[in-house]
Amino acid sequence: MITLSRRGFLAASAATAASLILPARARAQSARMSLTATTRTLDVRGRAATVWGLVDGNGRSGLVLDPGQAFAVELTNTLTEPTIIHWHGQIPPNAQDGVPDMPMATLQPGESRAYDFAARPGTHWMHAHIPAHEMLLLAAPLIVRRPEDVAADRQDVTLFLHDFSFKPPAEVLAEITGGASMAGMDHGQMAQGGMDHSGMNMGAVGQGDMMSMPGMDGMAMDLNDYNFDAYLANDRTLDYPEVVQVDKGSKVLVRVINAAAATVFWIDTGALTGRLVAVDGEPVQPLPGSRFGIAMGQRLDIELDVPAEGGAFPVLALREGARERTGLVLATPGATVTKVADMSDADHPAFSADLTQEAVLRAVTPLPERAASSQPMLMLGGSMMPYVWTINGQTWGKHSPVTAKTGERVEIMFHNMSMMAHPMHLHGHAFQVVGVGQTRIAGAVRDTVHVPPMGMVTVAVDAGEAARWMLHCHHMPHLSTGMMTEFAVSA
């Protein structure tokens, strides 16, 4: 039995510890939830696979919070390696954000740490902020329900997506990067400012399996740089998918979370009528359809209508630019569930090269109108050979932060000059998409935006707590080769 320890917590600097030490009243609460980083065994196409995971006190993956419930969690690391968890989509105090040494150290094996902050409602998730650990599936859903979710006459279903390899993450990253993850930086530079993503820089020969499709001006878009062994939906392939029982004539809210390391999906609702009602946990004006794109780190809430006559209805995640697919099945009592092949007949198209989906999304609660104090442009660049990905021509450790003062409105333009898409994620803030290309819009409120090859997306953000907040690509091999900077907020 592992003995819980607070040595890492107590050993933190006085300033950091002061920001995390709980008042006596909070410490006395008995409603604290437990969360454990642990190992799990999955059956992937008949083969046993040992992966990592985040489970609650009842052994279930992830956490579900009720309306108004605070994020009061005791996280314990029972793994053999130090790790740290980022609460993706939440806006905690910076000290609890979960980035290695910014400012808290990683959680050592056997150590526990307390987290307390107001929970941001919506469909979110949590994951290790070390790429190799996230690729070991150290991630889980984090659902915070709204009062209207409780009041609604509909069933909640979570669709949690992964890409999976039987190979160790270090080997996968080495094959993808071709040894280029060392280009332009070293471990010291990666750790500059206290951030050391251990195990991210791998060296080997080989560039992985790249698939190209026609892009703008005849250039080639690089959609996929690795063929994973399996694509999982709630830890399963379509060989043995999860079958969720639903009622005839009912409404179902499918909360889709793309926790994949390097895979964009289309969500295909098939025969069911679908409405996209929220992205990244924030409600949008309902967008009808049966196919919606989702990049790494993003979330989609899709409301579906089950017909009165019932039946079995696959909800599939289609790998962008390839034939693989995964998913689950919604089935009414007594319905016959037939096997769904894990390969489509043809390749699925690229996701939103022209930003069609993003351009039509509209926030239910947009940011208030106000002038921006600054409008920085971030040039997203890089290449497959050498495999290095940059922001304004620099990798982490040589980066120039985006700066703002608390309370200021900043409009950041992401201008992608590379031939791969980049899902750009900002920690500790929600932003609104206010520009697609040269067109001004009042778009969705998000925390992760997909920027396609040669595309431009502008987001507005109101600077929050004075601290260093990570701003990075959520494609793990891109992150591991340096595609990250910071949003440095001062008082």
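Student: Which residues do ring pairs link into a cluster?
Tutor: Phe71, Trp87, Tyr115 and Phe117 are joined that way. Rings of Phe, Tyr and Trp (its six-membered ring) pair if their centres lie within 6.5 Å; planes under 30 degrees apart are stacked, over 60 edge-to-face, and the rest tilted. This is a predicted model, where local features need pLDDT of at least 70, side-chain atom pairs count only at pLDDT 80 or more, and totals for chains, interfaces and linings use all residues. Residues are numbered from 1 along each chain as its sequence is written, and side-chain values use heavy atoms, with hydrogens and water left out.

Student: How many aromatic pairs does that rule give?
Tutor: The count is 10 aromatic pairs. One of them is Phe71 with Phe117, which is stacked, at 4.5 Å centre to centre and 15° between the planes. Phe71 is in strand S4 (residues 71–77) and Phe117 in strand S6 (residues 112–117), so the pair links distant parts of the chain, 46 residues apart. Strands (E, at least two residues) and helices (H or I, at least four) are DSSP runs, numbered from the N terminus.

Student: Are Phe71 and Phe117 buried or exposed?
Tutor: Both Phe71 and Phe117 are buried. Buried means under 20% relative accessible area, exposed means over 50%, and partly exposed is in between (1.4 Å probe, protein chains only).

Student: And why is the pair of Tyr226 and Phe228 edge-to-face?
Tutor: The planes of Tyr226 and Phe228 are at 75°, with the ring centres 5.0 Å apart, so the pair is edge-to-face. Tyr226 and Phe228 are both buried.

Student: What sits over the ring of Phe166?
Tutor: The charged end of Arg47 does, 3.7 Å from the ring centre. The rule is that NZ of Lys or CZ of Arg is within 6 Å of the ring centre and within 35 degrees of the ring normal.

Student: Switching to sheets. What is the strand order in the open sheet of 6 strands?
Tutor: The order is S12-S9-S14-S19-S16-S17, with mixed pairing. Two strands pair if DSSP finds at least two bridges between them.

Student: Which strands stand at the edges?
Tutor: Strand S12 (230–233) and strand S17 (282–289) do; each has a single partner strand, so one side of each is left without a neighbour in the sheet.

Student: How do S9 and S14 run?
Tutor: Strand S9 (residues 155–164) and strand S14 (residues 251–258) run parallel and are joined by 7 bridges. Gln155 stands opposite Val252 in S14.

Student: What about S21, how many of its residues are buried?
Tutor: In strand S21 (residues 325–331), 7 of its 7 residues are buried. Arg325, Gly327, Val329 and Ala331 point one way, while Thr326, Leu328 and Leu330 point the other way. In a regular strand the side chains alternate between the two faces of the sheet.

Student: Which strands are joined to S21?
Tutor: Strand S13 (residues 243–245) runs parallel to S21, with 3 bridges, and Gln245 stands opposite Ala331. Strand S20 (residues 312–319) pairs with S21 in the antiparallel sense over 7 bridges, and Pro314 stands opposite Val329. The hairpin of S20 and S21 has 5 residues between the strands, and there Gly321 takes a positive phi near 70°.

Student: OK, charges now. How many salt bridges are there?
Tutor: A search of the whole structure finds 29 salt bridges. Each is a side-chain nitrogen of Lys or Arg within 4 Å of a carboxyl oxygen of Asp or Glu. One of them joins Arg120 and Glu282 at 3.2 Å, N to O. Arg120 lies in the loop between S6 and strand S7 (122–128) and Glu282 in strand S17, so the pair ties together parts that are 162 residues apart in sequence.

Student: Are Arg120 and Glu282 buried or exposed?
Tutor: Arg120 is buried, with a relative accessible area of 9%, and Glu282 counts as buried at 16%.

Student: Where is the Asp305 and Lys251 pair?
Tutor: Asp305 and Lys251 meet in a salt bridge of 3.7 Å, N to O. Asp305 lies in strand S19 (residues 299–305) and Lys251 in strand S14, so this pair ties together parts 54 residues apart in sequence. Asp305 is partly exposed at 26% relative accessibility, and Lys251 is partly exposed at 36%.
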